[in-house]
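Open the structure in your viewer and keep the selection tool at hand. This tour goes stop by stop, with something to select at each one.

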Amino acid sequence: MPSRILGLWCPDWPVVAARRRGDAPEDEPVAVLRHGRVLSASSEARAEEVTAGLRRREAEARCPGIVIVDVDPAADARTFEPVARAIECLTPRLVIDRPGMLAFPTRGPSRYFGGDDGLVTRVLDSVSSVGVVGARAGIADGGFAARLAARRGLVVAPGETPDFLAPWPIGTVGDEAMASVLCRMGLRTLGAFAALPLPAVIARFGPDGMRAHRLAGGEEEHPPALTVPPPDLVEVCELDPPAQRVDEAAFVAKALADRLLARLEERGLACTQVIVEAETEHGEHLARGWRHEGALTPGALAERVRWQLDGWITGGLGERAAATGGTTGGLTLLRLVPDQVIPASGRQLGFWGGDAAAADRASRVFARVQGLVGPEHVVTPVPRGGRTPAERVRWVPWGEMREPERLPVPPWPGAVPGPAPARVLVPPLPAELLDGAGRPVTVSSRGEASGTPVVLRCHALPLADGEITAWAGPWAQDVRWWDRRVWARRVHWQVVVGEVACLVRVERGETVIDALYD
Amino acid sequence: MAITALPSSLSDPARPLVLPRRDAAARAHLDDVSRRGAPVVLARERVLSIPGPLGALFPDGALQRGTVTTVGGEPGAGVTSLAFGLVAAATAAGEWAAAVDPQGTLGGLAAQEAGVDLSRFAVVRDVAKDRWATVVAALLDGVSLVMAEVPRGLRAGDAHRLVARARERSTALVMISASARAVWPADAALRIWAVGGPWPGLGPDRGVLAPRALRLRVEGRGVAPGVRTVAGPLALTG
């Protein structure tokens, strides 16, 4: 039987966090966006039918005057740190799933605080003492049921968890594709799914089905065979001189995370729960657990460690340290302890002999070059919508998420036509575009040119200095006319001088060569 | 006990076995796919095959790993497109590539249009001059093709070290020299100069630019020196 777990849920944490750090007003409707879709909305916004998954424009249409904030997971984690510290006064074994949701086993604390109900009251008191209202806590057997119980604010008696889970919709197991298939089979609740024989579920859905079946039946997500990892997997790094800033410590943490997961991988293990431990130069010892749905990847692990260090260092340095329970000095030691490991399910190699070793080698070298020149200078291009060549590419630092906003990029009205220029000049080269009489060619607000361009003058680019043999344009753009701060009116010409083609831009009376078709 | 003959379609002389017939265009397409699909073809992993029109420039249609190829020409003559064509060939073969771009002017969209697989391509920008050789040497360790611009005043010693490193790591090094003052001071297996070419599609106040055919001058081991025209577009379409 799975152990008793208490789940604590702060609803709409992204909104609460944005309000707590002052990014959003208290009494007005607020929505937090991720990738252009509503992730979370305040109660005022929900009253106007703003729901998760809406586009920004739909949300603004349903609720005029709504305040839109972009999601900031790192800041959300930092804002959640006081809540975690308040709970840490009650139990040392808490594990954070994500900012806004945490869980801990109740075995010790429940008896100490006078039963499950007493513990829930204590937890909610602690949370409201740091100024967070509306939190809910619930207790059940196993982490999955506890998190659902937290949504209802229920204490499920020992042994009654399968009955508690039975009426929940099948979508709660988190695998959308499987849930949709099960719905079409007529299995709409967890109870109906749990009643299926396990071999039949494995035969149809494989390991994912087994995991979902265990959850639906109120068991632990993974079989508890390998929950205690061998002690030599702990990764430690001493910091000398002590790290005062988050980025110094996070840089070390990234290497540590890579090393830990590489060693786990050698043993065919993957990690789902990790404890981040740190010591400071004043002898403080800090520890906090983080959990992840599925296995932690190096990027996800490094991100969580960074959030945690951010919470300790930013929330703690200086005189506020004593009050908030953070660090008072630089970090001298960093330790990553894998708390829960599972057998790795393996990974699929590329079809054309896609070489995983080559990818590893390349990523290592790019990370090393990032150490040499700075992480933001090793980039990879990601196409996106836009009108000018510079707008149509987003340069993403290596190792960060590089999903384009949409794939493939749809046709973009007003984009400069033709092939993309191979050189986008930064900064653009000053030039002059002259007509037959030697006057600069200007463009009226209706997009009409004052004359035909005949000569291009550019001292920095001798080959592009001379008679124009072919041209196209002018293409006028009214850039963000609705926002006076960034509003601009600009005109593009495609110009060929001899055998050199370039993209010329005229903006506020200044002519520059923006790009070179090299 | 009588044994009856089994019905056999294989031995039926009235229906001879015929493989599906393919026309010339389908065959050419298949050849191209097979050449690009295989991660590395020819001569025991020592070459990067260059498909498409660019391959005609190289001995055996392939870029030798561990060697240096220089690509020179005035700005606007097609140097960058040519280099992107080589990067595209490397990434299409499933290899990783990197570019060093001190000024940060490479067009990412042009790279994609040239056929570069952006998921296996990274650019190092804004590199200080004193770090340039270190960065290129580090990249040579991890990827199969490094494209870098020769900085002005590159010391011959640094260049020789990079040549040795490239040979040791079996990495192709493509050096771009964009001006007469930034010349690769060491030896190279192949030197290509882009001489430019007329731009089709655009006339006085009509049409828009279309991909052009590039005139290139080649010189090096295993190729006849001379000017070639590589039909545009260089892009590995399809």
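What follows is a walk through a predicted model, from whole chains down to single residues.

**Stop 1: the two chains**

Colour by chain. Chain A has 518 residues, and 38% of them are buried. Its secondary structure comes to 15 helices and 20 strands. Among contacts in chain A with a separation of 6 or more, 57% link residues 24 or more positions apart.

Now chain B. Here 49% of the 238 residues are buried. Chain B has 5 helices and 10 strands. Of its contacts between residues at least 6 apart in sequence, 67% join residues at least 24 apart.

**Stop 2: a sheet built from both chains**

Which strands make up the open sheet of 10 strands? Select β13(A) and β12(A), then continue through β5(B), β4(B), β6(B), β7(B), β3(B), β8(B), β9(B) and β10(B). That is the order in the sheet, and the pairing is mixed. Look at the edges: β13 (393–397) of chain A and β10 (226–230) of chain B each have a single partner strand, so one side of each is left without a neighbour in the sheet. On average, neighbouring strands are turned by 25 degrees against each other, direction ignored.

β12(A) pairs with β5(B) in the antiparallel sense, over 2 bridges. Select A:Val379 and you will find B:Val123 of β5(B) opposite.

Next, move to chain B and select β3 (residues 68–72) and β8 (residues 190–196). These strands run parallel and are joined by 4 bridges. B:Thr69 stands opposite B:Leu190 in β8(B).

**Stop 3: a helix across the sheet**

Select α2 of chain B, residues 79–92. This helix lies across β3, β4 (97–101), β5 (121–125), β6 (145–149), β7 (172–177), β8 and β9 (214–220) of chain B. Against β6(B), α2(B) runs at about 165 degrees.

**Stop 4: the nonpolar cores**

Which residues touch the most other members of the largest nonpolar core? Select A:Cys502, B:Val87 and B:Leu145. This core holds 115 residues. α2(B) gives the most to it, with 10 residues.

Stay on B:Val87. Leaving aside neighbours within four places in sequence, B:Val87 is in contact with B:Ala97, B:Ala111, B:Val116, B:Phe121, B:Leu145 and B:Met147.

Another core, of 90 residues, lies apart from the largest one. To find it, select some of its members, including A:Ala24, A:Ala145, A:Ala216 and A:Ile313.

**Stop 5: the contact between the chains**

Show both sides together. Chain A gives 52 residues to the contact and chain B gives 51 residues. On the side of chain A, α15(A) gives the most, with 10 residues. Elements giving two or more residues to that side include α15 (356–373), β12 (378–383), β14 (423–430) and β17 (466–479) of chain A. Colour the side of chain A by residue class: 37 are nonpolar, 7 polar and 8 charged.

**Stop 6: an enclosed helix in chain A**

Is helix α1 (residues 13–20) of chain A largely enclosed or left open? Of its 8 residues, 7 are buried, so α1(A) is largely enclosed by the rest of the structure. Select the buried ones: A:Trp13, A:Pro14, A:Val15, A:Val16, A:Ala17, A:Ala18 and A:Arg19. They pack against β2 (30–34), β3 (37–41), β4 (67–70) and α4 (73–88) of chain A. Finish at A:Gly22, which follows α1(A) and has a positive phi, near 85 degrees.

Key
Residues are numbered from 1 along each chain as its sequence is written. Chains are lettered from A and ligands numbered from 1 in the order in which they are written. This is a predicted model: local features need pLDDT of at least 70, side-chain atom pairs count only at pLDDT 80 or more; totals for chains, interfaces and linings use all residues. Two strands pair if DSSP finds at least two bridges between them. Axes are lines fitted to C-alpha atoms, for helices over the stretch in contact, and angles run from 0 to 180 degrees between N-to-C directions. Two residues are in contact if their C-beta atoms, placed from the backbone, lie within 7 Å. Ala, Val, Leu, Ile, Met, Phe, Trp, Tyr, Cys and Pro count as nonpolar, Asp, Glu, Lys and Arg as charged, and the others, Gly among them, as polar. A nonpolar core is a set of buried Ala, Val, Leu, Ile, Met, Phe, Trp, Tyr and Cys residues joined through C-beta atoms within 7 Å. A residue is buried if 20 or more other C-beta atoms lie within 10 Å of its own, exposed if 12 or fewer, and partly exposed in between; C-beta atoms are placed from the backbone.
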